[in-house]
Amino acid sequence: MEIKGLIKSRVSLAPMAGITDYVLRSLIRKYSKECLLTTEMISSEFLAQTLNGRSGTEILKRGGNHSPISYQISGHKPHLMELAAKTLSPVADMIDINMGCPVKKVVGGQDGCSLMRNPDLASDLVKAVKSGTDKPVSVKFRLGYTMDELNFVEFGQKMQKAGAEFITLHGRTRSQMYSGKADWKLIRKLKENVDIPVFANGDIVSIETAIEALNESGADGVAIGRGALGDPTLIKRIEHYLKTGEKLPPPPINERIEMLRFHIEEEIKLRGENTGIKFMRKFYPYYLSGFQHAKQLRTRLVTEEDYGQIIKILDEITFSPVP
């Protein structure tokens, strides 16, 4: 299961808006050397405007060890998607098209999962991106827009015919958003009806759920989203199990605190102290999950704006999990 020698791991980092930035990708890569990293969703229209106004360096930023890395783009205008592909090709190993984002602002703008209601346009977008890059092109989408519109098999076949070489399928519809449970069994229907690699996505938060998702879906691999937050070793531990059958334990609490400290420091380097500290607030619940007095710790951390005080709070933590 390789695409031009690119995808060697059965585990990838799923794209998450406002989450999978340069720092998190670097943190994941510290542990997993082979997984496919994926950027946050980048609007093709925003990218065109940004590059007309300034360098766009922040968007294009990648580490020297980030390969293999997929840059995810969104949009519904073929010429802008082609331009985005051309722009990103020098830094990307793969271009991924977002056709699964369920957020109202995105689907309201005819992007994301709304494209599942317009498969002809979606096909044209794949062709446009293919014309703008010599890198592999992938598509990420959902089961359908609603439970009455489960068109993921036909949609996937159409994307393959248009030139897509890789698919990530989230086991929910747009109307479900992130509620309920991802249906990994339905993903098997797509896998059995296309000839390109399919990765299962949704609710994969541990080695055990990764095994279950692979067994139920028959997919070639799994894409890990929020399961990797607070535990950047998860992707590596799943990879290790799939290769050896050995289940490595999650990192102990003191190591998680060190990971959190590193994450904060790197975000501050990237964004500046004020913005970096505010950006990190969304990550605290994941890093502190299972800690004694986790709620009180989160409250203190999310209201603190001074880096020195944040480090002091982390230093005060008693390393013992909630019973």
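**Overall fold, cores and local geometry of the predicted model**

The accessible surface of the protein amounts to about 14,000 Å², and 50% of this area belongs to carbon and sulfur atoms. The structure described here is a predicted model. Its secondary structure consists of 15 helices and nine strands. The radius of gyration, 20 Å, is close to the 20 Å given by the globule rule for 323 residues, so the protein is as compact as a globular protein of that length. Along the principal axes, the C-alpha trace spans about 55 × 50 × 35 Å. Of the 323 residues, 56% count as buried, and, among the contacts with a separation of 6 or more, 70% are made by residues 24 or more positions apart. The protein carries 45 positive and 39 negative charges, the mean positions of which lie 1 Å apart.

In soluble globular proteins, nonpolar side chains tend to be buried together. In the present model, the largest nonpolar core comprises 90 residues, of which Met-99, Val-126, Phe-141, Phe-152 and Ile-224 touch the most other members. Helix H11, which covers residues 253-271, supplies the largest share of this core, with six residues. The surroundings of Phe-141 can be described in detail: when neighbours within four places in sequence are left aside, Phe-141 is in contact with Met-99, Gly-100, Met-116, Phe-152, Phe-155, Gly-156, Ile-167, Thr-168, Leu-169, His-170 and Leu-190.

Strand E9, formed by residues 221-224, contains Ala-223. With a relative accessible area of 2%, Ala-223 is buried, because this value falls under 20%. Not counting residues up to four places away in sequence, Ala-223 touches Ser-12, Ala-14, Thr-168, Phe-199, Ala-200, Asn-201, Gly-202 and Ile-204. Ala-223 and Thr-38, although 185 residues apart in sequence, are separated by 9.8 Å in space, C-alpha to C-alpha.

Strand E9 is also among the packing partners of helix H9, whose buried residues pack against helix H8 (184-191), strand E8 (198-201), E9 and helix H10 (234-244). Within H9 (residues 207-217), the buried positions are Ile-207, Thr-209, Ala-210, Ile-211, Ala-213, Leu-214 and Ser-217. An α-helix has 3.6 residues a turn, so residues three or four places apart point the same way. Following H9 is Gly-218, which has a positive phi, near 70°.

Several further features concern the backbone. Most residues other than glycine have a negative phi, and most peptide bonds are trans. A cis peptide bond, with omega of about 0°, joins Ser-67 and Pro-68, and Pro-68 is placed in the loop between helix H3 (57-60) and strand E4 (69-74). Gln-110, although not a glycine, has a positive phi of about 75°; this residue is placed in the loop between helix H5 (104-108) and helix H6 (119-132). Asp-203, likewise not a glycine, has a positive phi of about 65° and lies in the loop between E8 and H9. Gln-110 has a relative accessibility of 47% and counts as partly exposed, and Asp-203, at 29% relative accessibility, is also classed as partly exposed. Both assignments follow because partly exposed residues are those between the buried limit of 20% and the exposed limit of 50%.

Conventions. Residues are numbered from 1 along each chain as its sequence is written. This is a predicted model: local features need pLDDT of at least 70, side-chain atom pairs count only at pLDDT 80 or more; totals for chains, interfaces and linings use all residues. Side-chain values use heavy atoms; hydrogens and water are left out. Helices (H or I, at least four residues) and strands (E, at least two) are DSSP runs, numbered from the N terminus. The radius of gyration is taken over C-alpha atoms; the globule rule is 2.2 Å times the number of residues to the power 0.38. Buried means under 20% relative accessible area, exposed over 50%, partly exposed in between (1.4 Å probe, protein chains only). Contact means heavy atoms within 4.5 Å. Accessible areas come from the Shrake-Rupley method with a 1.4 Å probe; for residues, only the protein chains shown count as cover. Lys and Arg count as positive and Asp and Glu as negative; His and the chain ends are not counted. The place of a charge is taken as NZ of Lys, CZ of Arg, CG of Asp or CD of Glu. A nonpolar core is a set of buried Ala, Val, Leu, Ile, Met, Phe, Trp, Tyr and Cys residues joined through side-chain atoms within 4.5 Å.
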